[in-house]
Amino acid sequence: MEFNMQEGGFYTDLGFGKLEVSGNEEYGFRPFQLLVSSVAVCSGGVLRKVLEKMRIEFDDIHIKADLTRNEAEANRVEAISLHFTIRGTDLDKNKIEKAMKLTRKNCSMVQSVQDSIKIEETFELVQ
């Protein structure tokens, strides 16, 4: 990836389109937003694949991501909390717990940051 400077930030052109990144939301996505998004969406994508491979039928996955930052240390991201709402009929809590463990183990973004950022994952099942 290559990044080019522009007013207020940087950009890169990717296969899907232009990604604009800045410390100021007026000019692009903020770096911490991209970090949290990467962890959340990677986890969600892996969970989706795991559920499909386990032949667990579901209708939807919604992810709520919260983060804790430390202002005293350059506003460092210290923790990311992911709450998955999984919608479906006849979902088995024990099977979903197993799927969540496999998701954590196989999500490259979680594995990349887990030694420096606390990652917490919870879920609820909705019919």
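Guide: We can start with M100, which lies in helix α2. Keep in mind that this is a predicted model.

Visitor: Why is M100 called buried?

Guide: M100 has a relative accessible area of 8%. Buried means under 20%, so M100, at 8%, counts as buried.

Visitor: Which residues does M100 touch, not counting residues up to four places away in sequence?

Guide: M100 touches L47, F84, E121, T122 and F123. M100 and F123 are 23 residues apart in sequence, and their C-alpha atoms are 8.6 Å apart in space.

Visitor: Where is T103, and is T103 buried or exposed?

Guide: T103 sits in helix α2, which covers residues 93-106. The relative accessible area of T103 is 2%. The limit for buried is under 20%, so T103 is buried.

Visitor: What does the side chain of T103 reach?

Guide: The side chain of T103 reaches the backbone oxygen of A99 at 2.8 Å. Leaving aside neighbours within four places in sequence, T103 is in contact with S43, V46, L47 and V50.

Visitor: Which residues of α1 are buried?

Guide: Among them are S43, V46, L47 and V50. The buried residues of α1 pack against β4 (60-70), β5 (76-87), α2, α3 (108-113) and β6 (118-126).

Visitor: How do you know that the reach of α1 is close to the expected value?

Guide: Helix α1 (residues 31-53) has 23 residues. The expected span is 1.5 Å times one less than the number of residues, and for α1 this is given as 33 Å. From first C-alpha to last, α1 reaches 33 Å, so its reach is close to the expected one. Just after α1, R55 takes a positive phi of about 60 degrees.

Visitor: What makes R104 and E121 a salt bridge?

Guide: The side chains of R104 and E121 meet at 2.8 Å, N to O. A salt bridge needs a side-chain nitrogen of Lys or Arg within 4 Å of a carboxyl oxygen of Asp or Glu, so this pair qualifies. R104 lies in helix α2 and E121 in strand β6, so the pair ties together parts that are 17 residues apart in sequence.

Visitor: Why is R104 called partly exposed?

Guide: R104 has a relative accessible area of 25%. Partly exposed lies between the 20% limit for buried and the 50% limit for exposed, so R104 is partly exposed.

Visitor: What makes R76 and E73 a salt bridge?

Guide: The side chains of R76 and E73 meet at 3.7 Å, N to O. The cut-off is within 4 Å, so the pair counts as a salt bridge. R76 has 31% relative accessibility and E73 has 43%, so both are partly exposed. A network of salt bridges links E73, R76 and E78.

Visitor: How many salt bridges are found in the whole structure?

Guide: A search finds five. One of the salt bridges is formed by K64 and D66, with the closest N and O atoms 2.9 Å apart. K64 is partly exposed at 45% relative accessibility, and D66 is partly exposed at 38%.

Visitor: Why does T85 count as buried?

Guide: T85, in strand β5, has 15% relative accessibility. Buried means under 20%, so T85 counts as buried. Leaving aside neighbours within four places in sequence, T85 is in contact with D60, I61, H62, E124 and V126.

Visitor: What makes the meeting of T85 and E124 a polar contact?

Guide: The side chains of T85 and E124 meet at 3.4 Å. A polar contact takes N or O atoms within 3.5 Å, one able to donate a hydrogen and the other to accept it, so the pair is listed as a polar contact.

Visitor: Which residues make the nonpolar surface patch?

Guide: M1, F3, M5, F10 and L14 make a patch of about 600 Å². F10, found in strand β2 (residues 9-13), is partly exposed, with a relative accessible area of 42%.

Visitor: How many helices and strands are in the chain?

Guide: There are three helices and six strands. Along the sequence they follow the pattern β-β-β-α-β-β-α-α-β. Buried residues make up 30% of the 127 residues in the chain.

Key. Residues are numbered from 1 along each chain as its sequence is written. This is a predicted model: local features need pLDDT of at least 70, side-chain atom pairs count only at pLDDT 80 or more; totals for chains, interfaces and linings use all residues. Side-chain values use heavy atoms; hydrogens and water are left out. Helices (H or I, at least four residues) and strands (E, at least two) are DSSP runs, numbered from the N terminus. Buried means under 20% relative accessible area, exposed over 50%, partly exposed in between (1.4 Å probe, protein chains only). Contact means heavy atoms within 4.5 Å. Patches are made of residues with over 30% relative accessible area and no salt bridge: like charges are joined within 9 Å, nonpolar side chains (Val, Leu, Ile, Met, Phe, Trp, Tyr) within 5 Å. Accessible areas come from the Shrake-Rupley method with a 1.4 Å probe; for residues, only the protein chains shown count as cover.
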